[in-house]
Amino acid sequence: RTPQGTCKVFVIYMVSGIMGNVLASVAETDLVLGVGASGSILGMVGGELAFLWSTWSRWEPHQRFERTRGMLISLVLVFVVGIAAPINTDNWAHLGGLLSGFSLGLFAHHRNFERSRGRLVAVILSFLGIVGSIVLVVVLFSHTKDKLILSLEENIHRPTMCVLCKSSDLSDKETQKCASSKS
């Protein structure tokens, strides 16, 4: 059992992965879907950062230092390697997962803050994160809807892919007829 709770960890993991891919889809100009769990994993790091912040006064100074240092080194390595590596690394998904995990972590752990001011800041930041996530989803669907429709329209009939057009020796006029009968 984790200090954050199994259900909270599961929700942060799943939502961070989804929101990481949503941010990546909005930020990329091409209609490309990302795969992988790196957004979810960085969401877990964001949730852990929120948990650490919300329970800061409960940790010994050396524990705070070790946990913070470990997470920051990991984050720096992930983003530096993601930028410098010649492979296709989806840094937008990493950033989206990290931010959504942090936002969800603040929401999940806002009661851990000992001062009401800390609770208020946590609630405001988590609210902004949730609103930002909703905005990203709306933007994603509004921008990709047209791309999806165009992509589907382009793929309705392709004479080079059409079984009827490929199997027989149709003239260009007959191929156009075949194309018009498919749409």
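Contacts between residues 24 or more positions apart account for 64% of the contacts in the protein with a separation of 6 or more. This figure, like the others here, comes from a predicted model. Buried residues make up 31% of the 183 residues. The accessible surface comes to about 12,300 Å². Carbon and sulfur atoms hold 66% of that surface.

The secondary structure is helical. The protein contains seven helices and zero strands. Read from the N terminus, the elements follow the order α-α-α-α-α-α-α.

Helix H2 spans residues 38-54, and helix H3 spans residues 61-84. The two pack at an angle of about 150°. Their axes lie 11 Å apart. Angles over 145 degrees count as roughly antiparallel, and H2 and H3 are therefore roughly antiparallel to each other. The crossing of H2 past H3 is left-handed.

From H2, the contact is made by Leu-42, Val-45, Glu-48, Leu-49 and Leu-52. From H3, the contributors are Arg-67, Thr-68, Met-71, Leu-75 and Val-78. Sorted by class, the contact of H2 with H3 has seven nonpolar residues. One polar residue and two charged residues complete the set.

Methods: Residues numbered from 1 in each chain as written. Predicted model: local features only at pLDDT ≥ 70, side-chain atom pairs only at ≥ 80, totals over all residues. Heavy atoms only, no water. Axes fitted to C-alpha atoms, helices over the stretch in contact; angles between N-to-C directions. Helix = DSSP H or I, 4+ residues; strand = E, 2+ residues; numbered from the N terminus. Parallel < 35°, antiparallel > 145°, perpendicular 65-115°, else oblique. Left-handed = near helix turned anticlockwise from the far one by under 90°. Contact = heavy atoms within 4.5 Å. Nonpolar A, V, L, I, M, F, W, Y, C, P; charged D, E, K, R; others polar. Buried < 20%, exposed > 50% of the residue type's maximum accessible area, 1.4 Å probe, protein only. Areas by Shrake-Rupley, 256 points an atom, 1.4 Å probe, with all protein chains shown as cover.
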